[in-house]
Amino acid sequence: MQPPDRYAVFGHPIGHSKSPRIHALFAEQTGEQLSYTAQDVPPETFETCVRDFFAQGGKGLNCTVPLKELAWRIADYRSERAEHSKAVNTLALRPDGMIYGDNTDGIGLIRDLTVNLKLSLNNRRILLLGAGGASRGIIGPLLEQRPSHLTIANRTPEKAAQLAEEFCDLGPISGCGFFDLGTESFDLILNATAASLAGELPNLPKNILRPRGCCYDLAYGMEPTPFVRWGEEAGADISVDGIGMLVEQAAEAFFIWRGMRPETRPVIDVLNRERRGSR
Ligand code: ATR
């Protein structure tokens, strides 16, 4: 019998990654034979580790913080969406030995927002907090949904303005600092800053969330993040973390590697049950 195909996620740190659990559930559901592990890989050894992994028969990799830009560079060729975001979270070894790079974060977020949470983004005012790699990967897919406007706000305002400039040919977008937000209000506020990871929150006026507005934190944890709590206190209709996006981006990676798309709802339900159970 052939050994199962090997996959892994590389990140630094990687300790609490849920990706091995998600892909094990996908494999169980689809009957695919595969193994999926998590490996702590610092940026300095990333290229060697990727080349070794594929040389030893590995079939595909996910790359997470802080390796997505390096993964973009190592890919021999890339999807259009990865090209635009300049970040890659999925690598696949093709039969000709070439390494293909894709970015499934944007589609993962859009599926969670529009399919799982049933939100329409068309003609809505969206606020995106943060101007780092996580924001870069989702701006194109967000603008594709044709919001009336996308505002990027960042602690360092110049970075928000620069990012808006880079994507301005895709739709109505602008960049500013948190302090410039005063008078505007939004239907959807997305948190893509690294603040949640440190248990922190950008200082935001609560009236920037419109009545019936929604809050979405790209980060996730065992407990509601500070931003999810902020959304609840601001009266959001929906205020959730990024566990759904995590499962959706993984499903898209699974599709790239295996040619089949697992059902995501049961997997999201399992993960939610498991974190409720451990509280
Ligand atoms: P990632 O690739 O995960 O997006 P990054 O490129 O380091 O990581 O970007 C982190 C983002 O979180 C940036 O927008 C950063 O703001 P600055 O550009 O001003 O550094 C933001 N960020 C990090 N810690 C923050 C905090 N405590 N409050 C507000 N924003 C924060």
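Biologist: Into which domains is the protein divided, and what are their bounds?

Modeller: Keep in mind that this is a predicted model. One of the domains is written as two stretches, 5-103 + 249-278, and that is domain 1. The other, domain 2, covers 106-241.

Biologist: How far apart do the C-alpha centres of domain 1 and domain 2 lie?

Modeller: The two domains do touch: 14 residues of domain 1 are in contact with 15 residues of domain 2. Going by their C-alpha centres, the separation is 25 Å.

Biologist: What share of the area buried between domain 1 and domain 2 do carbon and sulfur atoms give?

Modeller: Let's start with the polar side of things. The interface has three salt bridges by the rule, and three residue pairs in polar contact turn up across it too. On the domain 1 side, helix H4 (80-85), helix H9 (243-258) and helix H10 (265-277) each give two or more residues. The buried area is about 1200 Å², and the carbon and sulfur share is 49%.

Biologist: Which residue forms a salt bridge with Asp241?

Modeller: Look for a side-chain nitrogen within 4 Å of a carboxyl oxygen. In this pair the closest N and O atoms are 2.7 Å apart, and the partner of Asp241 is Arg275.

Biologist: How many residues does the largest nonpolar core have?

Modeller: Nonpolar side chains in soluble globular proteins tend to be buried together. Here, Leu113, Ile139, Leu142, Ile152 and Leu190 have the most contacts inside the largest core. Elements supplying at least two residues each include helix H5 (105-116), helix H6 (133-144) and strand S8 (149-154). A second, separate core has 24 residues, Tyr100 and Trp257 among them, while the count for the largest core is 26.

Biologist: Where is Pro66 found, and which residue does a cis peptide bond join to it?

Modeller: Most peptide bonds are trans. Pro66 sits in the loop between strand S3 (60-63) and helix H3 (68-74). The bond has omega of about 0°, and the residue joined to Pro66 is Val65.

Biologist: Is Arg146 buried or exposed?

Modeller: Arg146 is in the loop between H6 and S8, and it has a positive phi of about 55° although it is not a glycine. The cut-off for exposed is over 50% relative accessible area. Because its relative accessibility is 60%, Arg146 counts as exposed.

Biologist: What relative accessible area does Lys86 have?

Modeller: Lys86 also isn't a glycine, and its phi is positive at about 55°. Its place is in the loop between H4 and strand S5 (90-93). Lys86 is partly exposed, with a relative accessible area of 41%.

Definitions and conventions. Residues are numbered from 1 along each chain as its sequence is written. This is a predicted model: local features need pLDDT of at least 70, side-chain atom pairs count only at pLDDT 80 or more; totals for chains, interfaces and linings use all residues. Side-chain values use heavy atoms; hydrogens and water are left out. A nonpolar core is a set of buried Ala, Val, Leu, Ile, Met, Phe, Trp, Tyr and Cys residues joined through side-chain atoms within 4.5 Å. Buried means under 20% relative accessible area, exposed over 50%, partly exposed in between (1.4 Å probe, protein chains only). Helices (H or I, at least four residues) and strands (E, at least two) are DSSP runs, numbered from the N terminus. Domain bounds come from an automatic or database domain assignment. Contact means heavy atoms within 4.5 Å. Buried area is the accessible area (1.4 Å probe) that two parts lose on being put together, summed over both. A polar contact is a pair of N or O atoms within 3.5 Å; within protein, one must be able to donate a hydrogen and the other to accept it, and residues adjacent in sequence count only if both atoms are side-chain atoms.
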